[in-house]
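These are my notebook entries on a structure I went through entry by entry. Sequence and model come first, and the look-ups follow.

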Amino acid sequence: MEKKHAESLLNTYIKSNSLLNHSHMVAIAMQASAKKLDKNENTIHDWWLCGLLHDIDWEIYPDQHPNHAVEHIFPILELSDEIQHAILAHAPERTGVTAETEMDCYLFASDELSGFIHAVSLIRPTGYDGMKVKSITKKLKNVNFAANVSRDDIYHGVELIGETLADHILFLINVFQDAKQRNLIN
Ligand SMILES: [Fe+2]
Ligand SMILES: [Fe+2]
């Protein structure tokens, strides 16, 4: 599926700007991760697509997410089994599918942490500019800040990809600073 097609499809299912922004952030995080892992062009595109579509049914069927997408949306798109598995594995409590493949693990490791980094950017006067690993780790310890973001999922995610929390945060900060400069995210 081409980029343009995937983006317009996303826009038909998601109207909320913040969820669209989240989808783009996770797509960019996945794309950058695939590049870091020296994947080929096709695989880099698949990782981007996986990130972009991972929450496609969240707005219309929050209770059935992501099962609704896998049963009713992805078959029409002929999305690869690998991407579908990764999307199922980002919500193991609702799908019973846990992260196994590299793509599964990176989606899990990027989803909640991207949301958290975005939340921190919103309370900083300079947004992503000048953001440090400490800007994030301090807030992670404050249970009242972005309380809906699961800290356990964040810690489990970095374990899955075999990174330290600090290294993965630094990687994502750099990715989002660059994306923000290029107006790809808010
Ligand atoms: Fe989700
Ligand atoms: Fe998400």
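This is a predicted model: local features need pLDDT of at least 70, side-chain atom pairs count only at pLDDT 80 or more; totals for chains, interfaces and linings use all residues.

Residues are numbered from 1 along each chain as its sequence is written, chains are lettered from A and ligands numbered from 1 in the order in which they are written, and side-chain values use heavy atoms, with hydrogens and water left out.

**Entry 1. Salt bridges**

I counted a salt bridge where a side-chain nitrogen of Lys or Arg lies within 4 Å of a carboxyl oxygen of Asp or Glu. The count came to three. For location I used helices (H or I, at least four residues) and strands (E, at least two), which are DSSP runs numbered from the N terminus.

I looked up Glu102 and found it paired with Lys39, with the closest N and O atoms 2.6 Å apart. This pair links distant parts of the chain, since Glu102 is in helix H7 and Lys39 in the loop between H2 and H3, 63 residues apart. Lys39 is partly exposed at 27% relative accessible area, and Glu102 is partly exposed at 37%.

I then recorded the salt bridge of Glu163 with Lys36, whose closest N and O atoms are 3.3 Å apart. Here too distant parts of the chain are linked: Glu163 lies in the loop between H9 and H10 and Lys36 in helix H2 (residues 17–36), 127 residues apart. Glu163 counts as partly exposed at 27%, as does Lys36 at 34%.

I also noted Asp178 and Arg182, whose side chains meet at 3.1 Å, N to O. Asp178 is partly exposed at 37%, whereas Arg182 is exposed at 51%.

**Entry 2. The iron site**

Which protein residues are the donors of the iron ion (ligand 1)? I took donors to be N, O and S atoms within 2.8 Å of the metal (3.2 Å for Na, K and Ca); water is not among the atoms, so sites may look incomplete. I found Asp55 (OD), His65 (NE2) and His90 (NE2), lying 2.1 to 2.3 Å from the ion. Along the chain these donors follow the spacing D-x9-H-x24-H. Asp55 also bridges this ion and the iron ion (ligand 2), the two ions lying 3.8 Å apart. Asp55 and His65 are both in the loop between helix H3 (41–53) and helix H4 (67–77), so the pair ties together parts that are 10 residues apart in sequence. I noted that Asp55 is buried at 8% and that His65 is buried at 2%.

**Entry 3. Asp111**

I located Asp111 in helix H7 (residues 102–123). Asp111 is buried yet has no salt bridge, and the nearest side chain of opposite charge, Arg94, is 8.2 Å away. For charge, Lys and Arg count as positive and Asp and Glu as negative; His and the chain ends are not counted. With contact meaning heavy atoms within 4.5 Å, Asp111 touches His22, Val26, His54, Asp55 and His90, leaving out residues up to four places away in sequence.

**Entry 4. Cysteines**

Why does the structure hold zero disulfides? A disulfide is a pair of cysteine sulfur atoms within 2.5 Å. The sulfur of Cys50 is 11 Å from the closest cysteine sulfur, in Cys105, which is too far for a bond. Cys50 is buried at 0%, and Cys105 is buried at 8%.

**Entry 5. Backbone geometry**

Most residues other than glycine have a negative phi, and most peptide bonds are trans. I recorded a cis peptide bond from His65 to Pro66, with omega near -5°. Pro66 lies in the loop between H3 and H4. I also found a positive phi near 40° at Ala146, in the loop between helix H8 (133–141) and helix H9 (151–161). Ala146 is buried at 18%. Asn183 has a positive phi of about 60° and lies in the segment after H10. Asn183 is exposed at 68%.

How values were computed: Buried means under 20% relative accessible area, exposed over 50%, partly exposed in between (1.4 Å probe, protein chains only).
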